[in-house]
Amino acid sequence: MPRSTPELTLPDLTGRRAVVTGASDGIGLGIATRLAVAGAEVVMPVRNRAKGEAAVERIRRGHPQARLTLESLDLSSLASVAALGERLHAKGEPVHLLVNNAGVMTPPERQVTEDGFELQLGTNHLGHVALTAHLLPLLRAGRGRVTSQSSIAARSGAVHWEDLNWERSYDGMAAYRQSKIAVALFALELARRSSEAGWGVTSTLSHPGVAPTSLLGARPEMGRAQATSGRRVIQWLSGRGLLVGTVESAGLPALMAATSTEAEGGDFYGPQGPGSAGGRPGRTALWRPMRTEDATRMWTVSQELAGVTLG
């Protein structure tokens with residue numbers, strides 16, 4: 001019999017404004033739903049408008065009072081990120097929570113973003129760097145929290161500093177690991193700089209463990225016509241309550257990182273089960289690729305590539 005999803009009680013978020021990327025399905029949809037049920041107004045920036053509208057309808061079917069706003073966002077386009085930032089600034093309302101959750105994983109062949117970056121670096125990391133930069137004044141106004149979603153893949157690997165865009169050679173999984181290590185390094189440096197400069201923004205980090213999400217599913221737009229064999233194995237294990245988590249449980253570490261009153265800047269949350277693949281959420285130690293002197297270098301390079309400035 002499948003195990004039940006671990007419980008997590010969120011604080012009352014009435015009057016809080018949250019922005020959640022990747023909220024049209026999977027883990028992001030679960031995060032957006034829980035935040036809305038807790039009383040937050042949730043902004044859902046999505047690339048596929050039809051999927052976004054279906055997600056809003058799904059949330060409201062179970063929770064008619066949910067306060068949801070759908071916005072357009074393509075994280076692989078820095079122009080799209082900037083446009084969202086302008087629209088949210090025009091509303092003049094502070095942002096209290098930013099959950100940088102959206103991502104893509106291991107296209108079989110190297111692909112590039114609209115701005116010429118390797119797709120995973122550009123989408124998973126640089127798009128979120130730009131979004132955080134554009135929203136930083138609103139986050140400072142709300143004394144907000146930024147929660148960045150890394151990956152269990154970031155336990156190993158390294159930043160390919162000599163070829164960040166994988167132009168000389170391409171390894172899809174190594175490039176994915178790099179993008180998620182970059183996410184972590186940037187989040188840790190944001191925590192440090194905010195603390196030192198008194199920005200009032202708390203930067204936390206999370207990872208979802210392993211769950212049967214759409215990341216490894218059929219993605220024709222990325223050259224993957226059917227789900228990977230790994231995705232099928234994960235689905236089988238998850239359905240039987242073995243080792244890995246569910247889509248619902250996989251969102252809990254990010255929710256804890258985003259809402260816990262005990263969370264501090266630089267804290268890292270993930271599943272506490274064997275191998276960090278599933279189980280209840282909790283604070284965890286940073287993995288070796290995150291415990292490097294490269295955070296400052298990543299902070300500088302990321303802003304240069306994304307064409308933004310923080311602080």
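A: Arg145 counts as buried, at 14% relative accessibility, where buried means under 20% relative accessible area, exposed means over 50%, and partly exposed is in between, with a 1.4 Å probe and protein chains only. The model is predicted, and local features need pLDDT of at least 70, side-chain atom pairs count only at pLDDT 80 or more, while totals for chains, interfaces and linings use all residues. Residues are numbered from 1 along each chain as its sequence is written, and side-chain values use heavy atoms, with hydrogens and water left out.

Arg145 belongs to strand β5, where strands (E, at least two residues) and helices (H or I, at least four) are DSSP runs numbered from the N terminus. Leaving aside residues up to four places away in sequence, Arg145 touches His96, Leu97, Leu98, Leu139, Thr202, Thr204, Met256, Ala257, Ala258, Thr259, Ser260 and Ala263, a contact being heavy atoms within 4.5 Å. The C-alpha atoms of Arg145 and Ala18 are separated by 9.4 Å, although these residues are 127 residues apart along the chain. For the protein as a whole, 73% of the contacts with a separation of 6 or more are between residues 24 or more positions apart. The protein has 9 helices and 8 strands, and 58% of its 311 residues count as buried.

Arg143 is found in the loop between α4 and β5, and this residue is exposed, with a relative accessible area of 59%. Its phi is near 45°, a positive value in a residue other than glycine. Most residues other than glycine have a negative phi. Thr106, in the loop between β4 (97-100) and α4, likewise has a positive phi of about 45° although it is not a glycine, but Thr106 counts as buried, at 15% relative accessibility.

Helix α4 (residues 119-141) packs against α9 at an angle of about 85°, with their axes 9 Å apart; axes are lines fitted to C-alpha atoms, for helices over the stretch in contact, and angles run from 0 to 180 degrees between N-to-C directions. That makes α4 roughly perpendicular to α9, a term for angles of 65 to 115 degrees, with those under 35 counted as roughly parallel, those over 145 as roughly antiparallel and the rest as oblique. On the α4 side the contact is made by His125, Leu126, Val129 and Ala130, and on the α9 side by Met298, Ser302, Leu305 and Ala306. By class, this contact has 6 nonpolar, 2 polar and no charged residues, where Ala, Val, Leu, Ile, Met, Phe, Trp, Tyr, Cys and Pro count as nonpolar, Asp, Glu, Lys and Arg as charged, and the others, Gly among them, as polar.

The aromatic pairs come next. There are 3 of them, under the rule that rings of Phe, Tyr and Trp (its six-membered ring) pair if their centres lie within 6.5 Å, with planes under 30 degrees apart counted as stacked, over 60 as edge-to-face and the rest as tilted. Trp199 and Trp299 form a stacked pair, 6.5 Å centre to centre with 25° between the planes. This pair links distant parts of the chain, as Trp199 is in the loop between α5 and β6 (202-206) and Trp299 is in helix α9 (residues 295-306), 100 residues apart. Both Trp199 and Trp299 are buried. Phe268 and Trp287 form an edge-to-face pair, 5.1 Å centre to centre with 90° between the planes. Phe268 lies in strand β7 (residues 268-271) and Trp287 in the loop between β8 (281-284) and α9, so the pair ties together parts that are 19 residues apart in sequence. Phe268 is buried, with a relative accessible area of 1%, and Trp287 also counts as buried, at 12% relative accessibility. Ring pairs also link Phe186, Trp199 and Trp299 into a cluster.

Around α9 there is one further ring to consider. The charged end of Arg297 sits over the ring of Trp161, 4.0 Å from its centre, a description that requires NZ of Lys or CZ of Arg to be within 6 Å of the ring centre and within 35 degrees of the ring normal. Arg291, found in the loop between β8 and α9, counts as exposed, at 54% relative accessibility.
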